[in-house]
Amino acid sequence: MNTARTSTSKWDQSWSSPSSSGMPPMAEINVVPLVDVTLVLLIIFMVTTAFITKPTKSQGNREIAVKLPAATYSAEVTPSYSTLILGVDAVGQRYVNGQPVTVDQMIERVKTAAAQNPNRRVRIDGDQSTRFDRVVELLEICQFVGLRNVGVHVRERK
């Protein structure tokens, strides 16, 4: 008589029928793929957000639309957020940090900036077609309130 002998080990029993060994079934979630997918989605959202965000009113756009005069020799200066930007466009409209102002408002804002930090850097953006006396007026305001670190924004001559 040929009897087939089957042997079932404890290992085989635990995988084939967990209830027969008396152990409850394993109910664990593998979190590694979940973390990988989450990180990839986070990176995608961060990159996408960087391309679609625009400055809000509170941040403001500190640049004004002027055609800068060309200069043969100029120093490259990295602008910082603390730089006070004064500007005058082709029609004579004055700006402080990109916001249009009157002469009196400009003087008050420059006085406030000078009181906070007398060594504050000032950049003057003047349109190349504006009258020179408008740019001189900005320089005089800075001199009057005591700001000495003043520069004129120019483009490189090609």
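This is a predicted model: local features need pLDDT of at least 70, side-chain atom pairs count only at pLDDT 80 or more; totals for chains, interfaces and linings use all residues.
I started with the surface: the protein's accessible area comes to about 12,400 Å², with 58% of that on carbon and sulfur atoms (Shrake-Rupley, 1.4 Å probe; for residues, only the protein chains shown count as cover). Numbering runs from 1 along each chain as its sequence is written, and side-chain values use heavy atoms, with hydrogens and water left out.

Next, the layout. I find five helices and seven strands (DSSP runs numbered from the N terminus: H or I of at least four residues, E of at least two). From the N terminus they go α-α-α-β-β-β-β-α-β-α-β-β.

Then burial. Of the 158 residues, 22% count as buried (under 20% relative accessible area; over 50% is exposed, in between partly exposed; 1.4 Å probe, protein chains only).

Last stop, Arg123. This residue sits in strand β5 (residues 122-126) and is buried, at 12% relative accessible area. Its side chain makes polar contacts with the side chains of Asp125 at 2.9 Å and His153 at 3.5 Å (N or O pairs within 3.5 Å; within protein, one atom able to donate a hydrogen and the other to accept it, and sequence-adjacent residues count only if both atoms are side-chain atoms).
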